[in-house]
Amino acid sequence: KRPRASKQGDVTTSMPATIVEVLVRVGDVVRAGDPVIVTEAMKMETELQAPIAGAVAAVHVAKGDSVNPDEALIEIQPAA
């Protein structure tokens, strides 16, 4: 079970979807707006972007996983 998205740096989806590709790994540094995950819902692919700049602290998904809204898919720690 994935943690609930509750922090500013949590990446989540707005609808149930399937993970097509994970574009980052733990330790990667991202900027706000960088694509971090590609999901597919209703035969449409969507890039999910980093909400803040920082370092990827955790990745809770892998290719092929089914995900739901309010789950933290990736956690990003804000840049210091």
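Contact here means heavy atoms within 4.5 Å. The views below come from a predicted model.

**View 1. Isoleucine 76 and its surroundings.** Isoleucine 76 touches residues from several stretches of the chain, leaving aside those up to four places away in sequence: Gly9, Val11, Val30, Ala50, Pro51, Ile52, Ala53, Gly54, Ala55, Val56 and Ala57. Ile76 is also among the residues with the most contacts inside the largest nonpolar core.

**View 2. The largest nonpolar core.** This core has 17 residues. Val30, Val36, Ile37, Ile74 and Ile76 have the most contacts inside it. β4 gives the most, with three residues. In soluble globular proteins, nonpolar side chains tend to be buried together.

**View 3. The open sheet.** Four strands line up in the order β5-β4-β2-β7, with antiparallel pairing. β5 (44-49) and β7 (66-67) are the edge strands, and each pairs on one side only. Five of the seven residues of β4 are buried, so this strand is largely enclosed by the rest of the structure.

**View 4. β2 and its two partners.** Four bridges join β2 to β4, and the two strands run antiparallel. Here valine 22 has isoleucine 37 of β4 as its bridge partner. Two bridges join β2 to β7, again antiparallel. On this side, threonine 18 has serine 66 of β7 as its bridge partner.

**View 5. The β4-β5 hairpin.** β4 and β5 pair in the antiparallel sense over six bridges. Two residues lie between the strands of this hairpin. Methionine 42, in the turn, has a positive phi of about 50 degrees. Alanine 41 stands opposite methionine 44 in β5.

View 6. The structure holds five salt bridges. In one of them, the side chains of arginine 2 and glutamate 71 meet at 3.0 Å, N to O. The two residues are 69 residues apart. Arginine 2 sits in the segment before β1 (10-11), and glutamate 71 in the loop between β7 and β8. Both are buried.

View 7. Aspartate 10 pairs with lysine 7 in a salt bridge, with the closest N and O atoms 4.0 Å apart. Aspartate 10 has a relative accessible area of 8%, so this residue is buried. Lysine 7 is partly exposed, at 47% relative accessibility. Arginine 31 forms a salt bridge with aspartate 34, the closest N and O atoms being 3.7 Å apart. Arginine 31 is exposed, at 60% relative accessibility. Elsewhere, salt bridges that share partners join Arg2, Asp65 and Glu71 into one network.

Key: Residues numbered from 1 in each chain as written. Predicted model: local features only at pLDDT ≥ 70, side-chain atom pairs only at ≥ 80, totals over all residues. Heavy atoms only, no water. Core = buried A, V, L, I, M, F, W, Y, C linked by side-chain atoms within 4.5 Å. Buried < 20%, exposed > 50% of the residue type's maximum accessible area, 1.4 Å probe, protein only. Pairing = 2+ DSSP bridges.
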